[in-house]
Amino acid sequence: MVALDDDTVNVLKRHRERPEADRAAWARPGSRPVTSSLRKTARGSPGKVTDLFERLVAASGLPPIRLHELRHGAATLMLAADIDIVSDTLGHSDTRITRDIYQSALPQVGKSAAVATAKLVPLQRKAEGEKAARKAAKKEQAKKAKLRKPEK
């Protein structure tokens, strides 16, 4: 079972409802609709599914991607979106497996982790910040004191 967002479900519903004549206009001659092609091919060999997928990707004009990379891409995006059911979705028995494979896939995920970790250990930064604040306050006091003193 694969969970889909509402937009994707709506696209698939419109595709299913599209008259056969419309489908024929964009399909290559003699081909079946995508959903029935995949269903029929899935009963065959995995190589046939892969071949069909490669043809669909090429026809779509999208950047090349292998069928297996869809799983990795979906997992990476779910982790980046801070989704907590990634391991369940992928069928991993342990969340550590998922983290080991995908935790550093996107640079911004690593950056977010570093920022979040630094926030948990603010002691050194806090001490440095307080020291800088005291120094700035002393400078400000000295400046005010100098302004209050009459010139001789």
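Colleague: In what order do the elements of the chain run from the N terminus on?
Modeller: They run α-α-α-α-α-α-α-α-α, and the secondary structure comes to nine helices and zero strands, where helices (H or I, at least four residues) and strands (E, at least two) are DSSP runs numbered from the N terminus. This is a predicted model, in which local features need pLDDT of at least 70 and side-chain atom pairs count only at pLDDT 80 or more, while totals for chains, interfaces and linings use all residues. Residues are numbered from 1 along each chain as its sequence is written, and side-chain values use heavy atoms, with hydrogens and water left out.

Colleague: Where is confidence lowest, and where highest?
Modeller: On pLDDT, the predictor's confidence in each residue from 0 to 100, helix α3 (residues 34-42) is lowest at a mean of 54, and helix α6 (residues 86-90) is highest at 87. The chain has a mean of 76, with 73% of its residues at 70 or more. Where pLDDT is low, the predicted coordinates should not be read in detail.

Colleague: What share of the chain is buried?
Modeller: Buried residues make up 12% of the 152 residues, taking buried as under 20% relative accessible area, exposed as over 50% and partly exposed as in between, with a 1.4 Å probe and protein chains only. M78, which lies in helix α5, counts as buried because its relative accessibility is 19%.

Colleague: And how far apart are M78 and T89?
Modeller: M78 and T89 are 9.8 Å apart in space, C-alpha to C-alpha, and eleven residues apart in sequence.

Colleague: Changing topic, how many salt bridges are there?
Modeller: The count comes to two, a salt bridge being a side-chain nitrogen of Lys or Arg within 4 Å of a carboxyl oxygen of Asp or Glu. D94 and R96 meet in one of them, at 2.5 Å from N to O, and R66 pairs with E69, their closest N and O atoms being 3.2 Å apart.

Colleague: Which residues make the nonpolar surface patch?
Modeller: I65, L67 and L70 make it, with an area of about 210 Å². Patches are made of residues with over 30% relative accessible area and no salt bridge, like charges being joined within 9 Å and nonpolar side chains (Val, Leu, Ile, Met, Phe, Trp, Tyr) within 5 Å. L67 is placed in helix α5 (residues 67-80) and is partly exposed, with a relative accessible area of 31%.

Colleague: Which residues form the positive one?
Modeller: K131, R134, K135, K138 and K139 form the positive surface patch, with Lys and Arg counted as positive and His and the chain ends not counted. Among them, K138 is in helix α9 (residues 123-148) and counts as exposed because its relative accessibility is 60%.

Note on methods
Areas by Shrake-Rupley, 256 points an atom, 1.4 Å probe, with all protein chains shown as cover. Charge placed at Lys NZ, Arg CZ, Asp CG, Glu CD.
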